[in-house]
Amino acid sequence: MKIGLVGLSRSGKTSLFNLLTGQSVATSTFGASRGELHMGVARVPDERVDRLSALFKPKKTTSATFEVVDLAGITKGERQGLDAKEFRNADALLHVVRAFPDATGAAPSPRLDIVDLETELILADLEVIERRLQRLEASIKKKRTDADVKEQAILLRLKPALEAETPIRAMDLPEDEAKAIRGFTFLSQKPILHCLNLAEKEIGRAASLVESFGLADLAGRPATRLGWVSAVIEAEVAQLAGDEQAAFLADLGLAEPAIKRVLTDCYTLLGLISFFTVGEDEVRAWSVPRGTRAQEAAGAIHSDIARGFIRAEVVGYDELLAAEGSMALVRERGQFKLEGKEYVVRDGEVCHFRFNVAK
Ligand SMILES: Nc1nc2c(ncn2[C@@H]2O[C@H](COP(=O)(O)OP(=O)(O)OP(=O)(O)O)[C@@H](O)[C@H]2O)c(=O)[nH]1
Ligand SMILES: [Mg+2]
């Protein structure tokens with residue numbers, strides 16, 4: 001999974017990128033945007049992985065991860081940056097919204113910034129559609145094919161809706177149409193998390209984000225979530241060792257580190273769950289969309305395992321923990337399940353896939 005960080009200039013994208021990936025890329029100063037694109041990997045913190053690792057003492061422990069791309073800030077009407085190919089294929093957008101006074105002391109206007117950013121995404125999609133429609137018209141004139149005519153019809157339906165400022169993610173597209181336009185990597189089709197970057201002294205407002213910032217109308221939109229960080233102070237907290245970190249978090253009135261909160265929001269936004277594989281060699285978390293069947297889940301590990309899928313051995317996380325990692329005990333307690341390829345994997349299940357690939 002890949003998350004694209006977007007937002008207007010100097011909203012704190014790179015600060016959040018550093019926080020998520022543990023990198024220390026230079027952030028922008030007033031009047032000097034750096035205009036660079038950064039890529040990194042965010043580990044998804046999950047205490048279940050730590051517990052399983054403590055039980056199985058594997059050679060290697062691997063968390064679920066997200067790829068993160070940090071774009072240069074865009075300004076109203078200046079959206080060329082959105083064309084970056086490293087960004088276009090993101091699965092979701094993490095929109096960093098300034099909710100702290102800028103270097104000139106100018107008060108933030110998160111609601112307006114959200115509307116402006118959404119407009120830029122929509123305009124970017126419209127440009128793509130207009131270019132494509134011109135090409136299609138020319139080629140249909142030359143030689144009429146069913147595929148071209150069908151594509152043209154879909155784009156002609158999207159266009160007026162976008163012009164009326166409806167993002168594609170809010171359109172109720174039939175599945176085949178959604179699939180047919182996937183190749184365009186439309187930006188307004190991607191699920192979006194609007195993440196308000198709060199000034200440290202405003203963290204208290206996070207509990208009532210929607211009311212506090214007048215975002216009620218945005219909150220219920222399809223494939224949209226609202227979240228928050230306070231990037232600079234939370235980056236400082238992230239530098240601290242375990243105990244100190246907990247104390248500092250408590251001081252700020254925070255229940256958990258920013259990375260946990262933001263990535264949990266991304267999981268919810270994308271409808272993801274985690275399942276685990278365990279053994280002497282490796283304990284590992286895998287993220288898949290909720291509703292994934294056992295055979296596809298196996299494919300997240302390796303396509304051969306999906307191809308040669310025989311059965312999934314499935315144990316619940318709690319049951320395995322209660323049995324202190326003993327599969328024998330889990331079996332004895334009748335908590336060991338053998339499932340076929342249609343079985344829907346649930347969050348927290350520990351899976352072992354039996355497979356056989358003919359040579
Ligand atoms: N007070 C305060 N300042 C912040 C916060 N987050 C970022 N900043 C400051 O805002 C400035 C810009 O931060 P960046 O993280 O570089 O912002 P950006 O969105 O990546 O900027 P561009 O890439 O230039 O668009 C830096 O000076 C940060 O220290 C915050 O939560 N509170
Ligand atoms: Mg930046």
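Let's start with strand 7 (residues 224-229): 5 of its 6 residues are buried, so the rest of the structure largely encloses this strand. Buried here means that 20 or more other C-beta atoms lie within 10 Å of a residue's own, with C-beta atoms placed from the backbone; 12 or fewer makes a residue exposed, and anything in between partly exposed. Strands are DSSP runs of E with at least two residues, helices are runs of H or I with at least four, and both are numbered from the N terminus.

A word on the model itself: it is predicted, so local features need pLDDT of at least 70 and side-chain atom pairs count only at pLDDT 80 or more, while totals for chains, interfaces and linings use all residues. Residues are numbered from 1 along each chain as its sequence is written, and chains are lettered from A and ligands numbered from 1 in the order in which they are written.

Strand 7 has a partner in strand 6 (residues 192-198), and the two run parallel over 6 bridges; strands pair if DSSP finds at least two bridges between them. Across this pairing, Asn-197 sits opposite Val-229 of strand 7.

Now for ligand 1. Around it are 22 residues, the closest being Gly-12, Thr-14, Thr-27, Ser-28 and Gly-73. Helix 1 (13-21) and helix 9 (231-239) are the elements that give two or more residues to this shell, and helix 1 gives the most, with 3.

Helix 1 is mostly covered too, with 9 of its 9 residues buried; among them are Lys-13, Thr-14 and Phe-17. Just after helix 1, Gly-22 has a positive phi of about 75 degrees.

Key
Near = placed C-beta within 6 Å.
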